[in-house]
Amino acid sequence: MLLDPWWSAALFGVLGLLIGSFLNVVIYRLPKMMERQWNEEVAAYAAEQAARLSPGSAAAQAIEAPQQPPAEPFNLMVPRSRCPACGHMVQWYENIPVLSYLFLRGNCSSCGVRISVRYPLVELGTAGLFAFLGHGGGLSAPTLAWCLFAAAMVALAMIDWDTTLLPDDITLPLLWAGLIGSTLGWTGLAPATSIAGSAAGYLSLWLVYWGFKLATGKEGMGYGDFKLFAALGAWFGWQALVPIILMASVIGAIVGLAMKFRNQLREGGYVPFGPFLVGAGLASMVFTPEAILQAVLGRLGL
């Protein structure tokens, strides 16, 4: 549909605010949902092993005892958002993106505890990315596809920074979306280029991981980084992988050194790499991988 670019930007900006509000829920709840699932799987496995190895024992009898009532449902939809300090249930008028934060002056309406400024920043950042895409692409399938990409990247960056996790529930659909988008002509890539990019993205970091582990005995990154880099290859093609990894590595090194200088490194002295891959991916979306490569090489004096 043809719209004036600025009207399109405004429309997608509002959509970005709404999606950004939902991303705040995803960022907070998805890791907790994963933790709950892991605990349930571990408990089920332990019960199975106890019953198999020692039938009739106290452990087996305990397993046969009445089970505890199931935990309260917890997913992206339920329960409703609450203040973590006092349990106040957030009303609809307290959940309007950005405006509610400003109206409440960044405090819970019930107990007055401070609300993190990151919530409106995520909403505004998502809105800005959506507005940029809407201005450049208008109301079209490719624009919506790239909005999906941008939203997934924002969620991945925040989750990885908080938990050092890059959930398969986001990275794998993002990878498949890139492959499907190239097939439908939404990303501007030939399907073969997208497939080659996803394969090269995964294998390159997989090789780096094992090379580093064999040399040092330590793990330098997680498998989620492989999958995220594979998804970036699917969206941008194999040619973009070098600019993306260079930019992510340079910025990651600078941030890591700054955090080390300020004694802000986490236990173990590491910095999650996912947010920097995300930053390089979003920069590639806004600019081009070639422009990023020239800028990085220029900064390095090459």
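Helix packing and pockets

Guide: Helix α5 (residues 141-163) and α8 have axes that come within 13 Å and cross at roughly 160 degrees. This is a predicted model, in which local features need pLDDT of at least 70 and side-chain atom pairs count only at pLDDT 80 or more, while totals for chains, interfaces and linings use all residues. Residues are numbered from 1 along each chain as its sequence is written, and side-chain values use heavy atoms, with hydrogens and water left out. Helices are DSSP runs (H or I, at least four residues), numbered from the N terminus. Axes are lines fitted to C-alpha atoms over the stretch in contact, with angles from 0 to 180 degrees between N-to-C directions.

At that angle α5 and α8 are therefore roughly antiparallel to each other (over 145 degrees; under 35 is roughly parallel, 65 to 115 roughly perpendicular, and the rest oblique). The crossing of α5 past α8 is left-handed (the near helix is turned anticlockwise from the far one by less than a right angle; clockwise is right-handed). On the α5 side the contact (heavy atoms within 4.5 Å) is made by Ala145, Trp146, Phe149, Met153, Leu156 and Asp160. On the α8 side, Asp225, Leu228, Leu232, Trp235 and Phe236 take part. By class, the contact of α5 with α8 has nine nonpolar, no polar and two charged residues. Here Ala, Val, Leu, Ile, Met, Phe, Trp, Tyr, Cys and Pro count as nonpolar, Asp, Glu, Lys and Arg as charged, and the others, Gly among them, as polar.

Helix α8 also meets α9. Their axes come within 10 Å and cross at roughly 135 degrees, so α8 and α9 are oblique to each other. This crossing of α8 and α9 is right-handed. Phe229, Leu232, Gly233 and Phe236 of α8 make the contact with Leu241, Ile244 and Ile245 of α9. Six of the residues in the contact of α8 with α9 are nonpolar and one is polar, with no charged residue.

From α4 the contact takes Arg118, Val122, Thr126, Leu129, Phe130, Leu133, Gly134 and Gly137. From α5 come Thr143, Trp146, Cys147, Ala150, Ala151, Val154, Met158 and Asp162. The contact of α4 with α5 divides into 10 nonpolar, four polar and two charged residues.

Next, the open space. The largest pocket holds about 1000 Å³ of space. Its lining has 36 residues, and those closest to the pocket centre are Gly220, Met221, Gly222, Asp225 and Val271. A pocket is an open set of points on a 1 Å grid over the protein atoms alone, where a 1.4 Å probe fits, with protein on both sides within 12 Å along at least five of seven lines; lining residues have an atom within 4 Å of a point. Points are joined across faces, edges and corners, and the volume is the space filled by probe spheres set on them. Helices α1 (5-53), α7 (191-216), α8 (223-236) and α9 (241-261) each supply at least two lining residues of the largest pocket. Helix α9 gives the most, with seven residues. The lining of the largest pocket has 20 nonpolar, nine polar and seven charged residues.

Ser81, Arg82, Pro84, Val90 and Tyr119 are the closest to its centre among 34 lining residues. At least two lining residues each come from α1, α3 (99-103) and α4 (118-137), and α1 has the largest share, six residues. The lining of the second largest pocket comprises 18 nonpolar, eight polar and eight charged residues.
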